[in-house]
Amino acid sequence: MSRAGCFVVLEGPEGAGKSTLAQALLANARAAGIQVTAVREPGGTPAGEAARRILLDHAHPVGPEAELFLVLAARAELVRHVIRPALDGGHLVLADRFELSTLAYQVAGRGLPAETVATANRLATGGLVPDLTLVLDVASGTGRARQHAAGKITDRLDDEDPAFHARVAEAYLAAQARGVRHLNANRSPTEVAQEAWDAIRQVGGFA
């Protein structure tokens with residue numbers, strides 16, 4: 001499907017600084033007069049928010065397969081009802097997580113088969129691929145320490161064991177694909193945001 005917008009995804013392990021970066025990029029886009037739509041995964045639609053509540057609630061210890069289906073159901077609704085319409089309208093879409101999160105958490109973290117998960121994801125997204133994926137590189141221990149220092153109320157995935165988070169962090173560090181760019185997230189938020197914004201302007205053709 002042809003589209004005129006630009007699809008940018010922010011990725012990284014827990015505590016990498018995605019939310020902080022998303023806020024900075026959203027402000028930059030608005031200041032530049034760019035039409036921008038910000039989304040998070042899972043979420044962004046009634047079905048997506050319902051899936052998010054189940055997925056992250058300690059009271060619902062779902063298995064790896066059910067976890068995957070919740071993520072993909074939320075993503076399918078988000079792509080259909082929010083992301084594609086925004087892209088077709090020429091918007092810059094900033095997404096907090098997308099396909100790479102599934103490969104990190106459900107494949108590397110949970111051990112689900114990569115090929116099967118990739119096929120299921122293509123069905124959920126209709127083959128939509130980000131124009132740019134910015135991966136915030138930070139050690140899993142560093143990210144979790146940041147969460148603790150900030151007093152974040154942890155969810156079910158936050159509270160997984162250190163080995164799980166180490167596998168997720170390693171998967172992010174190793175991620176290599178067309179459109180994937182790694183950012184050193186151990187720097188100040190201002191430095192990270194500047195490099196990210198420069199990359200977005202280059203890919204999106206923004207002045």
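Q: Helices (H or I, at least four residues) and strands (E, at least two) are DSSP runs, numbered from the N terminus; in which of these elements is Ala51 placed?
A: Ala51 has its place in helix α2. As background, this is a predicted model, in which local features need pLDDT of at least 70 and side-chain atom pairs count only at pLDDT 80 or more, while totals for chains, interfaces and linings use all residues. Residues are numbered from 1 along each chain as its sequence is written, and side-chain values use heavy atoms, with hydrogens and water left out.

Q: How many helices and strands does the protein chain have, and what pattern do they follow along the sequence?
A: There are 8 helices and 5 strands in the protein chain. Reading along the sequence gives β-α-β-α-α-β-α-α-β-α-α-β-α.

Q: How much of the protein chain is buried, and what is its accessible surface?
A: Buried means under 20% relative accessible area, exposed over 50%, and partly exposed in between (1.4 Å probe, protein chains only). Of the 207 residues in the protein chain, 46% are buried. The accessible surface of the chain comes to about 9800 Å², and carbon and sulfur atoms account for 55% of it.

Q: Why is Ala51 called buried?
A: The relative accessibility of Ala51 is 7%, which is under 20%, so Ala51 counts as buried. Contact means heavy atoms within 4.5 Å. Leaving aside neighbours within four places in sequence, Ala51 is in contact with Leu70 and Ala74.

Q: Why is Val62 called partly exposed?
A: At 24% relative accessibility, Val62 falls between the 20% and 50% cut-offs, so it counts as partly exposed. Val62 lies in the loop between α2 (46-56) and α3. Apart from its neighbours within four places in sequence, Val62 is in contact with Ile54, Glu67, Leu70 and Arg156.

Q: What makes α3 roughly antiparallel to α4?
A: The axes of helix α3 (residues 64-88) and helix α4 (residues 99-109) come within 11 Å and cross at roughly 175°. Angles over 145 degrees count as roughly antiparallel, those under 35 as roughly parallel, 65 to 115 as roughly perpendicular and the rest as oblique. The crossing angle is over 145 degrees, so α3 is roughly antiparallel to α4.

Q: Which residues meet where α3 and α4 are in contact?
A: From α3 come Glu67, Leu68, Val71 and Arg75, and they meet Glu99, Thr102 and Gln106 in α4. By class, this contact has 2 nonpolar, 2 polar and 3 charged residues.

Q: How do you know that Leu78 is buried?
A: Leu78 has a relative accessible area of 0%, under the 20% cut-off, so it is buried. Leu78 is found in helix α3. Its contacts, leaving aside neighbours within four places in sequence, are Val39, Arg40, Glu41, Gly43, Gly44, Thr45 and Ile83. Leu78 and Thr45 are 33 residues apart in sequence, yet 6.2 Å apart in space, C-alpha to C-alpha.

Q: What makes Glu41 a buried residue?
A: Its relative accessible area is 10%, under 20%, so Glu41 is buried. Glu41 has its place in the loop between β2 and α2. Not counting residues up to four places away in sequence, Glu41 touches Arg52, Arg75, Leu78, Asp96, Arg97 and Phe98.

Q: What kind of peptide bond joins Glu41 and Pro42?
A: This bond is cis, with omega about -15°. Pro42 is found in the loop between β2 (36-40) and α2.

Q: Why is Arg97 called buried, and what is its phi?
A: With a relative accessible area of 11%, under 20%, Arg97 is buried. Its phi is near 85°, a positive value in a residue other than glycine. Arg97 is found in the loop between β3 (92-96) and α4.

How values were computed:
Axes fitted to C-alpha atoms, helices over the stretch in contact; angles between N-to-C directions. Nonpolar A, V, L, I, M, F, W, Y, C, P; charged D, E, K, R; others polar. Areas by Shrake-Rupley, 256 points an atom, 1.4 Å probe, with all protein chains shown as cover.
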